[in-house]
Amino acid sequence: SYPFNVRISKLRLSEIEGLFTYLWQKEDRLFDVFYSKSSVEVKNKTNEVGQMNKFITLVTHFVMVFQKLLPYFEKQPHFVLRKKTTVLPFNSNKVSANTVQWIINNLDEVQFDDAFKGHHKAVQLGNHYGMIDNIHTEVETRDCNTYENQVVMGIFFVILKKLRSLKRDIELKSTVTNWSDTEDSEEYFVDFKDLKRLPFIRLFEEISKVEQRVKKLEQSYRRIFPEVTPKAERPVLTSIFIQRPHYKRAYELIRKLNDYKLDITGYFKLFNISKLSKLYELYNLFQLIDALRSSLKIAFFNVKVALRKDEPIVEKMEFTNDFFAVNLFYEHKYYPENSNYHSTLLRRIDCVSPEEYYHPDFIIEIIDKKAEETSYYLFDAKYSVLKNVKFLHLPSLEKKYIARTGISGERYKKINGLFALFPDEEGEKIVDNAFFEPQIALIASKPNTTQELKECVQKILKKHIGDYLLNSFE
């Protein structure tokens, strides 16, 4: 492989991290698409981020269960009665063979005086009488230092050791070797091998949080079992683990955690450089989904999601009821009228081959069932700066999606709106007229800059759908 740097003038590295974090929250399986060695690996092998995430989920489940079991261990801890030598106030009933031997070995503890003869607390040694305040004797005590409790305390050591190992591994993988990000720099370089660190950002934070929860829980159990010696090993099933419900539940989890194999020796690789623009597309896909969900009163719609066959990516999302249908398409292909592949009314009108198609990144289709009207709004994500989007990309989009696209059965009708999404702070309206369509705009969309896209979606819905089906827009 050859080292190379890529100029990033659209998003700072911290903003790219924001894209990854946002997408992770929406669908963590997307990282199998971005980070892998081949499509076979994506399909058949869980990557190391996925493995770490599953382990964190298991540990989080352990914390929840052990918190619920805590009061049962407090009230019903397993113990055995063991004889223990201890110091007690003198009581003739507590005297044992060990007590006599101890007195003989510690005569300086005895106050001798013949005046003590006949006193009920006096001890006789030969012809002498004495008084003693405390004695050493054997008593039966409850001892919680049993195998079962040792295993319970040992699992905390096992978990914390694995979490610390994960954090060290993440720190190694997330070391950026060649990047510069200052407030004043308008452009800088990022080596794409450094992008391998991005999925680990949120993961490290999650590990740190669950680590603190485990430590806090360990302290609670240590108060119950202060003298128990932890055993960090795979547990052996005993009668106590079988018969007592809280010990049985604990055993099942402890065994599962001990048996969990965490292989983090792999190495992430990006498919290719174009994946960054694909990442930006998917970011906007979920932004559109969020905008539709937050704008529509979901309780009045049936929601259906169709995923791609081999990837965890939304291909179509439908919001339908008896009056309206709002459909979101991702990379939907539409063909000429003489083609057999039609699932919308959009048609490509500039070619004769039925196999040629256009596929904008996103389409919002709104069907008014009562009025029998269908409206189309097309969105295209461009990972580029405003100047290039406006003067290079937009003319091409207008040619394809306005001049060369028609609506089946509507000879003179065009799409209702065309929007180019790009990563910047502020967009620009190109055609914004209440009496004419299509509307055309450049919309700024990136982490912490989401308002323009939300307002665009809200405006579209408000134009076609009754207010009673929409949430109020503040």
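## Exercises on a predicted model

Ser445 sits in the loop between strand E17 (439-444) and helix H12 (451-464); helices (H or I, at least four residues) and strands (E, at least two) are DSSP runs, numbered from the N terminus. This is a predicted model: local features need pLDDT of at least 70, side-chain atom pairs count only at pLDDT 80 or more, and totals for chains, interfaces and linings use all residues. Residues are numbered from 1 along each chain as its sequence is written, and side-chain values use heavy atoms, with hydrogens and water left out.

**Exercise 1.** Classify Ser445 as buried or exposed, then find the side chain joined to the Ser445 side chain by a polar contact.

*Solution.* 
- Step 1. Take the cut-offs: buried means under 20% relative accessible area, exposed over 50%, partly exposed in between (1.4 Å probe, protein chains only).
- Step 2. Ser445 has a relative accessible area of 1%, so Ser445 is buried.
- Step 3. The partner is Asn284, with a polar contact of 2.5 Å between the side chains. Such a contact is a pair of N or O atoms within 3.5 Å; within protein, one must be able to donate a hydrogen and the other to accept it, and residues adjacent in sequence count only if both atoms are side-chain atoms.

**Exercise 2.** Describe the ring pairs that Tyr221 makes with Phe66 and with Phe73.

*Solution.* 
- Step 1. Recall that distance of the centres and angle of the planes describe a pair of aromatic rings. Rings of Phe, Tyr and Trp (its six-membered ring) pair if their centres lie within 6.5 Å; planes under 30 degrees apart count as stacked, over 60 as edge-to-face and the rest as tilted.
- Step 2. The whole structure holds 19 aromatic pairs. For Phe66 and Tyr221, the centres are 5.5 Å apart and the planes stand at 45°, so this pair is tilted.
- Step 3. Phe66 belongs to helix H4 (residues 48-75) and Tyr221 to helix H7 (residues 200-224), 155 residues apart. Both Phe66 and Tyr221 are buried.
- Step 4. For Phe73 and Tyr221, the centres are 5.6 Å apart and the planes stand at 65°, so this pair is edge-to-face. Phe73 is in helix H4 and Tyr221 in helix H7, so the pair ties together parts 148 residues apart in sequence.

**Exercise 3.** Find the arginines over the faces of Phe79 and Tyr358.

*Solution.* 
- Step 1. Apply the test: NZ of Lys or CZ of Arg within 6 Å of the ring centre and within 35 degrees of the ring normal.
- Step 2. Arg142 lies over Phe79, at 4.3 Å from the ring centre.
- Step 3. Arg348 lies over Tyr358, at 3.9 Å from the ring centre.
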